[in-house]
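Here are my notes on this model. Please read them with the structure open.

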Amino acid sequence: MEKMSRVTTALGSSAINGRTMFCHLDAPANAISVCRDASQVVVAGRNIFKIYALEEDQFVEKLNLRVGRKPSLNFSCADVMWHQMEENLLATAATNGAVVTWNLGKPSRNKQDQLFTEHKRTVNKVCFHPTEVYMLLSGSQDGFMKCFDLRKKESVSTFSGQSESVRDVQFSMKDYFTFAASFENGNVQLWDIRRPDRYERMFTAHTGPVFCCDWHPDDRGWLATGGRDKMVKVWDMTTNRAKEIFCVQTIASVARVKWRPEKKFHLATCSMMVDHNIYVWDVRRPFIPFATFEEHKDVTTGIVWRHQHDPHFLLSGSKDSTLYQHMFKDATRPVDKANPEGLCFGLFGDLAFAAKESLISSDSNRKPYPGGDRRYPIFFFKKPDQTEQFAHVSSALSVFETDLDSNCMDWFVKTAQLYLLCGKPFAELCDHNAKVARELKRPQVSTTWTMLRIMFSDPANLTPGPNHPLSKLGTLPLMNSFNMKEMNSGMGAESRLERSKGESRQDNSHLEPGNSLISNNNEDNEETEGSEGQAEYMFGDAELDDDDLYSMEHDNQTEEQEYTLPQEAFQLRHEIMDNPSAPEHLQQDKADSPHVSGNEAEVTCLTPIESFSLISISQPLFTPQLPASFFCPIVREMLSYYAEKGDVQMAVSVLIVLGERIRKEIDDLTQEHWYTYIDLLQRFELWNGPMR
Amino acid sequence: MSIQYEDPTLAGSYDVVGSFPKSFGYGAEEQDLEENCSTSADKPRILLMGLRRSGKSSIQKVVFHKMSPNETLFLESTNKIYKDDISSSSFVNFQIWDFPGQVDFLDPTFDSEMIFKGTGALIFVIDAQDDYVEALERLHLTVSRAYKVNPDINFEVFIHKVDGLSDDHKIETQRDIHQRANDELADANLEKLHLSLYLTSIYDHSIFEAFSKVVQKLLPQLPTLENLLNIFISHSGIEKAFLFDVVSKIYIATDSSPVDMQSYELCCDMIDVVIDVSCIYGLMQDGSGCAYDKESSAIIRLNNSTVLYLKEVTKFLALVCILREESFERKGLIEYNFHCFRKAIHEVFEVGNLPQGGRSSSNNLTGLTYAGAHNGSAV
């Protein structure tokens, strides 16, 4: 491999080794730079200017360049750069606008070589030409860039960006004459060093200041920029118009960006505020950092790769007054902590689930997804070095489709076709319909039919059929009511009485103001006062206990709410315009009143509360002695439940099958609502039973 | 169309806003600094121009009169040149001229000579949410005409109302406007004329930042101020320092580290808090007294172990710093350094106000070295 050989030659026989290590500086660092052979690093800041030697397992202070009894402002550095050709040559940018060069070969203690005080404001950046020994470039807050020839006393050319402060200047690695400059107003300019009057090219790269830029070390066309808008962008400059080819969104404004040597798509960034970490990104995977160094306690101000051909060591200086050498293998890999599983619902109830392949492959039942298994594209080829690739990211995506039958209206059509609603004895109808429902895999409906048969059939026939799936009782309202009753009956008869009385009174009072008018209209309505009335309210009571869980005050309003909401859903589905709340009241009222007056048999059984309590204590509730209409309120509730669930079919079917047994329980308006089932049948062109 | 000039000294012009008394509650006795400044006639002017309904008056009201951005919805469109002299309440020694959108340059009564001669900066406002082709034509016409009269004007273009645009769209708009405007200038052989573009919105602090930059360009003392701030913060362990014009919340200088929007907003909010509290509870019953005077200072400790520190510098300027709690333990040092800093700033502006061409940078540097010596000894 050609590249590898180059690396080894570059590194020579003494391959760099070392470990993650740090040392304390006396003051916050603003910038760092390494010399070419990666043996020394210079740290510069407002109150520090030192050279450290990089040894095997520690930093050793070699030289303090900040000398003199009272250091001048020229020592207050905003930036520093070590010449990559000349080992003894350093340049610093001072906050007072001076550009200073330092010659380490000087015998005296003060190594200051040359001083250029041409900039009016702080110099933000200095940059040596990568191949030309005497050429130095500076970029300043005053909006000018100056090119210095170190053999001369003053600058040889001045470039006016004409667009505010210069934040960074970088010579191109490959084009001898080109340099890039980034500005506080979001622009990036390309200049030809020979032509100081006008930039070659300019484009707006970021909203807000562009703090840094870096040329790709290998690819001549690529320029990475980072700005206050928290983005790192990679631009392809070879085209006519600078094209953004990658964009990484970070969490804080980007202060520095440095391409990682020998890794085409990797770059390191650190931020200016808030975030102290150093991130190494793979620009092709912009959503999660490839690696993170989390050692610094304060904002990282300078990052540099230790050697220009070695991707394993990163040096960084920080405002927390430390200098770190990071080993790449010690870096945190955020991808390891990322949750590799994802779960999402589709619009039609489909469920997509992505997980690591290893987890899913064990599941042999998995059917291949029609569109083929969609896996993450893997752009990392297997390489021997595990640390140099992202965590194995291949994962499998499973899509669980909801049972289509439950989604489309097939079951509806089939049920409509197969249900028998009349023409046979009641019990048979129920059994038949239960069977139909069971075959269509609707156990709840099936059980309901069975229950209906049990409730309303002749008591003598009451032997649970062999196929009676009591264990899987799914009719929720039914169950609830039963449970409630059992519980209530378990309570002492006295307390039961107290409660029922209290609540029935409450009930009365709440029904009265709203419904007196309606009750008058009802021709069936008779006296509802007296002991019979109280007995009647027992049922209401059983229901209301349930409601009391939600609201003790059980006033008109809560009741309305309770019914309005589901009714709306119901309405929407079937597109009927009607006022939902009024009929519900009506229904409540009617359901109560005719019940008392209409059915004599029931009254005899239920009138005295005490007797009821006795019954409920001494024997199970489904005693054959109980008349069918005992269950009417429950059935009514159940029908409402189905209707609210959107299953009008069930409600109507039951209504028809039960016929007179239940009809008067439910007011006409509601029944009319439910009979929109007929409209639906028309829509499906099912001209059968119920249509008649 | 004839153009009327409105007398800026009419107190009534401020009643439109009603949020700030004209003199901002400064005592009349405190006129040591800006007393001897030049008369208003030759003050550098900032002109606000642009098509009608592009947001010029809103900018002016929000930045200089503390109007809440939402209230600007109800501003009537301006129909005459509105000359607003803010120098009596603000450090910024400028007149803001708010031109109505429909100024006709060809009108003989439009005295372009008079208008552009003493102008420091011309701000042209472009509504980014609108089609800006017409605005660009207008821009070209305006700047080329102004350039002929006075080539020293800074031409600033505010791409305004960008709050509704996405980030990409913002950049694209800026790029497009830059491209078209400069192409047109190149066609007219005006390559030397330079336009600076800013993305602004009155609903965040971008308008303040843009105005800060416009004002900073007109300040000959800026490098000195920046340097002083640099020295001050590096010797006091301060992270970031702004020199604010208290009325407008424009920062006229900051140290050379990059401005972070959050810090800037934080400092703006601090000024608001201090001035508001002072205005409400600090003034006498009859409205006399000062909302902001020599004694004004404030310290706010934040829950992220940073401290906000505000100090009066001159009667229009305040220094607002952000520093860490640890650094604030050396409060005495900071106060001593501030004392030196304040003295240096006063000297800088006194030099600037010397009648005979005292604005040269060499004179300013004396103030700087003086300050430098003081600060050095404080450490």
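Which residues are buried in H2(B)? The points below start there, then turn to the interface. Bear in mind that this is a predicted model.

1. In H2(B), the buried residues are Lys56(B), Ser57(B), Ser58(B), Ile59(B), Gln60(B), Lys61(B), Val62(B), Val63(B), Phe64(B) and His65(B). That is 10 of the 10 residues in this helix, which spans residues 56-65 of chain B. Just after H2(B) comes Lys66(B), with a positive phi of about 60°.

2. Now the interface. On chain B, 30 residues are in contact with 33 residues of chain A. The two chains bury about 2,800 Å² between them. Carbon and sulfur atoms give 46% of that area. Ile171(B), Arg175(B) and Pro258(B) supply 19% of what chain B buries against chain A, more than any other three residues.

3. One pairs the side chains of Glu184(A) and Lys213(B), at 3.9 Å from N to O. Polar contacts across the interface of chain B and chain A come to 12 residue pairs.

4. Which elements of chain B supply at least two residues each to the side that touches chain A? They are helix H5 (167-187), strand S6 (195-199), helix H6 (206-217), helix H7 (222-236) and helix H8 (261-282). H7(B) gives the most, with 8 residues.

5. Sorted by class, the side of chain B that touches chain A holds 11 charged, 10 nonpolar and 9 polar residues.

Technical notes:
Residues numbered from 1 in each chain as written. Chains lettered and ligands numbered in written order. Predicted model: local features only at pLDDT ≥ 70, side-chain atom pairs only at ≥ 80, totals over all residues. Heavy atoms only, no water. Buried < 20%, exposed > 50% of the residue type's maximum accessible area, 1.4 Å probe, protein only. Helix = DSSP H or I, 4+ residues; strand = E, 2+ residues; numbered from the N terminus. Contact = heavy atoms within 4.5 Å. Buried area = accessible area lost by both parts, 1.4 Å probe. Salt bridge = Lys/Arg side-chain N within 4 Å of Asp/Glu carboxyl O. Polar contact = N/O pair within 3.5 Å; in protein donor to acceptor, adjacent residues only side chain to side chain. Nonpolar A, V, L, I, M, F, W, Y, C, P; charged D, E, K, R; others polar.
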